[in-house]
Amino acid sequence: MENRIYADHAATTRLRQEVLAEMLPWLEGGFGNASSLYREGRAARKAVENARRGVAALLHADRNEIFFTSGGTEGDNMVLRGVMKHAGKRHLILSAMEHHAILHTAEALEREGCAVTRIQPDKSGHISPADVEAAIREDTALISIMTANNELGTIQPVREIAAIARAHGVLFHTDAVQAAGHIPLDMAAMGVDFLTLSAHKFGGPKGIGAIYIRRGAACAPFITGGAQEHGVRAGTENVAGIVGLSRALALSCEEMEAEAVRLTALRQRLTEQVLRIPHVRENGGEPRLPGIANFSFTAIEGEYIAMMLDNAGIAVSPGSACASGSEEPSHVLTAIGLDRAAAKGGLRISLGRENTEEEIDRIAAELAIAAEKLRHMSPTWSAMRRMGMAE
């Protein structure tokens, strides 16, 4: 098998073997429907409720505040659409660098008559609580600011923004898909009304997520049908996925402190080497997630660098996996002030459990080779050299 390096953990992570082992009994013999009253159904229900208690404990929440979904996108839709439908107010505040699950849902709500205010981040990729507070209106129903950005890894001042929202009587949601399993999440301390997460970002299976809904926070159901998830989210429960999510989150939280130290050191090692390549800048600033680094390469596009690294046996991404193939530059990089060319030159490298120092060194070396080759083929680079703007 080819000796590949996987460095796109912000897109998805490998299913952990411990998680798979926990899931297998519910994929094989334990096939009962958790809503059924007979023995097989009761066993499945017990597994779901045990998982719910486990997730609640890890998030410092009540088990009745945790509901299972198909992932982050559904959870984000549930909150935005559910709150705006139920609240009777028509104004929504979010950041300009949210995940597309938020941005595109907000655009759809605009077409349905809602007003949306998009807060711009600063150059380091952080949202100002003061800017959020200044945007609040009498008809503001919801504020949605992500916990950590999926391209830059920048961690947002969620606790401060949540306190502002509470003081103004506005509901607050945070998309914690990138943060869950990587930094501590304490619902009581954060003061949020809604939080969404997805298992495949921290070693769990794809197609399963969870949403925290603070007791007393109103949100109309997004998917209707049966009475599953206490009427909040209809549909037969994905028992194996739910069990896997709980186990993966538990493992990630157990290892979080040590892994954060290790990944931060790896990211710093990578950054030091990559910034030795001529005409490269780092995007985003502290505080940020331990494992995400983002760079812009002058006069070449991140997509082509990612393709060359793929040919060299290294998996990285020019940006969010959900925007792969788009002709447009990263909305996150343009939001922090990069022009179109610099944003097109963006590359995200996101590290995880399997990555080593030797892999970091190989990534940096292959990046230097790819940058040199691509610049020799770049008309923009040739023009810069004629004008004395490039070495």
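**View 1. Lining of the largest cavity in the predicted model.** The lining divides into nine nonpolar, ten polar and seven charged residues. Nonpolar covers Ala, Val, Leu, Ile, Met, Phe, Trp, Tyr, Cys and Pro; charged covers Asp, Glu, Lys and Arg; the others, Gly among them, are polar. Helix α8 (residues 239-274) gives the most to this lining, with six residues. Helices (H or I, at least four residues) and strands (E, at least two) are DSSP runs, numbered from the N terminus.

**View 2. Centre of the largest cavity.** The structure holds one cavity of 30 Å³ or more. About 390 Å³ of space lies in the largest cavity. Of the 26 lining residues, H182, K201, L263, L351 and G352 are the closest to its centre. A cavity is a set of points, on a 1 Å grid over the protein atoms alone, where a 1.4 Å probe fits but cannot get out; lining residues have an atom within 4 Å of a point. Points are joined across faces, edges and corners, and volume is the space filled by probe spheres set on them.

**View 3. Open sheet of seven strands.** The order is β2-β8-β7-β6-β5-β3-β4, with mixed pairing. Edge strands β2 (66-69) and β4 (115-119) each pair on one side only. Pairing requires at least two DSSP bridges between two strands.

**View 4. Strands β3 and β4.** Strand β3 (residues 91-95) pairs with β4 in the parallel sense over five bridges. R118 in β4 is the bridge partner of L94.

**Notes.** Residues are numbered from 1 along each chain as its sequence is written. In this predicted model, local features need pLDDT of at least 70, side-chain atom pairs count only at pLDDT 80 or more, and totals for chains, interfaces and linings use all residues; side-chain values use heavy atoms, with hydrogens and water left out.

Methods:
On a 1 Å grid over the protein atoms alone, a cavity is a set of points where a 1.4 Å probe fits but cannot get out, and a pocket is an open set with protein on both sides within 12 Å along at least five of seven lines; lining residues have an atom within 4 Å of a point.
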